[in-house]
Amino acid sequence: MTGPTIVISPAPTANGDLHLGHIAGPFLAADVYSRYLRATGRTVLFGTGIQDTSTFVVTTARRLGTTPEALVRRSAAEVEATLGALGIAADGFTGWEDRFTAFVTKVVADLRARGRLRLRHMRFPYAPRTGEYLVDGHITGTCPVCLATSCGGLCESCGHPVAAAELLDPRPARDPREPLEFREAEVLVLPAEQYRGQLRAHFDRIAAALRPHAAQVIGEILAKPLADFPVTYPLAWGIPAPDLPGQVVNPNAEPVAWTMYCSMLAAESAGLSPSSEDELWRREAGSEIVYFLGVDNIHPFAISGLAMLLAYGEHYPLPARFLTNEFYELDREKFSTSRGHLVWGRELAAAVPRDLIRFHLACDSPETQRTSFSRRELDRLTRIRLVQPWNRIAARTAEWVGRGPLPISGRSRTDAVRMVERFRTAYELPRFSLNRAAATLTQQLARLDRSTLSAGDLCHEAEVLLRCAAPILIDLATALPDTAIDGVGARATVEPIALPRLSAELDAAPPTSDEGVRWSRSSLPVPE
């Protein structure tokens with residue numbers, strides 16, 4: 001690859017703020033990976049945003065007694081504020097904007113004009129009392145694949161697409177007692193089956209780079225014929241479908257266009273001037289596309305998304321990097337905004353230094369299985385593994401600040417290189433892992449804390465460790481003149497720097513219970 005690395009964290013629905021379940025999954029991982037790439041001198045463009053076209057915007061607005069437009073505007077501001085509070089530094093952030101809408105409309109119109117999309121009749125649940133077709137968040141039932149409770153369109157539990165009409169025991173989300181019937185509507189579809197062979201060959205090639213659950217879901221979906229994928233829906237909320245009055249673009253048909261647009265915004269923010277939304281995605285750009293996403297988003301981004309990319313044309317290489325995560329829970333139950341079972345990211349950041357939050361979530365990241373947040377465990381783990389050993393090391397090096405340069409032994413230079421390599425194994429693709437990066441940081445802190453190194457060697461290795469940990473410990477890293485990690489073994493002397501201390505409050509004993517540490521009701525709005 002000769003072009004930039006484009007890092008994408010899929011946009012959350014614009015129906016409220018971000019809780020820790022969002023942050024612990026794709027957002028923190030994408031931010032850490034982007035910071036690491038920059039520390040190694042590579043060009044990276046990190047993009048995310050909000051999705052304002054989801055049916056869940058409508059259902060949440062109705063429940064909160066507001067309008068979808070007002071909810072979207074408020075949610076966009078809240079999400080940006082929370083990302084900033086936790087140090088998630090995206091280059092591009094998509095929101096409520098006509099420019100994006102126009103691009104999606106153009107993509108759909110172009111694909112239809114080239115014969116890649118077709119009009120087909122599809123069966124949908126219908127509410128005769130309101131005259132509405134019910135898809136996605138408007139209809140609930142049982143997934144016919146895994147038998148979990150699911151909405152129509154995509155099953156959050158197993159990751160399979162579930163047409164609204166295929167739900168078992170379907171019922172309207174607004175009022176389960178409301179009468180329901182089924183009607184056909186002519187919608188625009190992508191004949192996804194014609195791309196299944198290419199998709200299977202692609203994922204066979206990159207199978208070793210996929211996490212196990214993602215590989216399983218993709219294998220299951222591609223093992224049987226793919227149903228026509230609805231690109232438009234007979235709904236009122238969303239991006240109006242070109243030349244199809246009364247229909248909108250299916251939000252799950254937006255991902256490729258959204259990612260292209262998001263890439264362009266990130267490039268513009270970085271001072272580049274792409275000539276079009278898709279320039280960085282073309283083969284000649286040499287870009288590497290890296291997705292950090294929940295495993296429940298595999299279908300819209302990796303299956304139907306890549307099928308639509310194939311429909312666009314051969315000048316777009318297929319993305320090969322999909323770093324998935326499982327659900328992050330609270331007290332072993334799924335985060336739920338409707339039940340108030342959650343921890344708001346911004347409120348936690350107001351109570352706990354964000355380096356500690358980032359370290360704890362890296363330790364606890366649900367990379368291959370569900371993990372569970374506990375404020376008591378956050379306090380205990382960060383106190384033992386990070387705060388206390390770091391502060392002891394900082395105190396030992398403090399007495400040498402201003403007394404350099406100090407000599408560095410050959411062994412220390414070699415050990416510094418070894419340390420960098422251990423972090424590289426955790427940060428580099430395809431085996432990127434927040435868990436292993438945090439474990440390496442813990443191990444190296446413990447080693448330096450108990451060491452009897454000379455002053456020069458200790459100051460040197462403490463600085464190198466901070467450089468390696470900088471993608472996670474972003475506030476501690478501000479003590480560094482830069483965060484580059486290459487060439488750390490070439491120096492013969494070190495000028496000791498003042499290492500900041502972590503919050504002394506967390507040196508104290510941890511709380512004895514979780515009482516009073518969950519933010520289930522707060523000044524922040526509680527979206528669905």
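Reply: Let us begin with a single bridge, and please keep in mind throughout that this is a predicted model. T142 has L168 as its bridge partner in strand 9, and the two strands concerned, strand 6 and strand 9 (residues 168-172), are joined by three bridges and run antiparallel.

Me: Which strand does strand 6 pair with over four bridges, and in what sense?

Reply: Strand 6 pairs with strand 7 (residues 149-154), in the antiparallel sense. Two of the facing positions can be named: D136 has G152 as its bridge partner in strand 7, while G141 stands opposite S150 in that strand. The hairpin of strand 6 and strand 7 has six residues between the strands, and within this hairpin L147 takes a positive phi near 70 degrees.

Me: In what order do the strands of this open sheet of four lie?

Reply: The order is 8-7-6-9, with antiparallel pairing. Strand 8 (161-162) and strand 9 are the edge strands, each of them pairing on one side only. Helix 2 (residues 55-64) lies across strand 6 and strand 7, and its direction makes an angle of about 95 degrees with strand 6.

Me: How many residues of strand 6 are buried?

Reply: Strand 6 (residues 136-142) is mostly covered, with seven of its seven residues buried.

Me: Is S150 buried or exposed?

Reply: S150, which has its place in strand 7, has a relative accessibility of 4% and therefore counts as buried, since the cut-off for that word is under 20% relative accessible area. Once the neighbours within four places in sequence are set aside, S150 is in contact with I139, T140, G141, C143, C155 and L167.

Me: How should I think about the two faces of a strand, and which residues lie on each side of strand 1?

Reply: In a regular strand, side chains alternate between the two faces of the sheet. In strand 1, T5 and V7 are on one side and I6 and I8 on the other, and all of them are buried, which leaves both faces covered.

Me: What strand order does the open sheet of five strands have?

Reply: That sheet has the order 3-2-1-14-15, and its pairing is parallel. Strand 3 (92-94) and strand 15 (321-325) stand at the edges with a single partner strand each, so one side of each has no neighbour in the sheet. Ignoring direction, neighbouring strands here are turned by 20 degrees against each other on average.

Me: Turning to helices, at what angle do the axes of helix 12 and helix 14 cross?

Reply: An angle under 35 degrees counts as roughly parallel. The axes of helix 12 (residues 410-427) and helix 14 (residues 455-469) come within 10 Å and cross at roughly 15 degrees, so these two helices are roughly parallel to each other. The crossing of helix 12 past helix 14 is right-handed. On helix 12 the contact is made by S412, R413, D415, A416, M419, V420, F423 and Y427, and on helix 14 by D457, H460, E461, V464, L465, C468 and A469.

Me: Are helix 1 and helix 10 roughly parallel or roughly perpendicular to each other?

Reply: The range from 65 to 115 degrees counts as roughly perpendicular. Helix 1 (residues 20-39) and helix 10 (residues 354-364) have axes that come within 10 Å and cross at roughly 100 degrees, and they are therefore roughly perpendicular to each other. L20, I23, A24, L28, D31, V32 and R35 in helix 1 meet R358, L361 and A362 in helix 10. The residues of this contact divide into seven nonpolar, no polar and three charged.

Definitions and conventions:
Residues numbered from 1 in each chain as written. Predicted model: local features only at pLDDT ≥ 70, side-chain atom pairs only at ≥ 80, totals over all residues. Heavy atoms only, no water. Axes fitted to C-alpha atoms, helices over the stretch in contact; angles between N-to-C directions. Parallel < 35°, antiparallel > 145°, perpendicular 65-115°, else oblique. Left-handed = near helix turned anticlockwise from the far one by under 90°. Contact = heavy atoms within 4.5 Å. Buried < 20%, exposed > 50% of the residue type's maximum accessible area, 1.4 Å probe, protein only. Pairing = 2+ DSSP bridges. Nonpolar A, V, L, I, M, F, W, Y, C, P; charged D, E, K, R; others polar.
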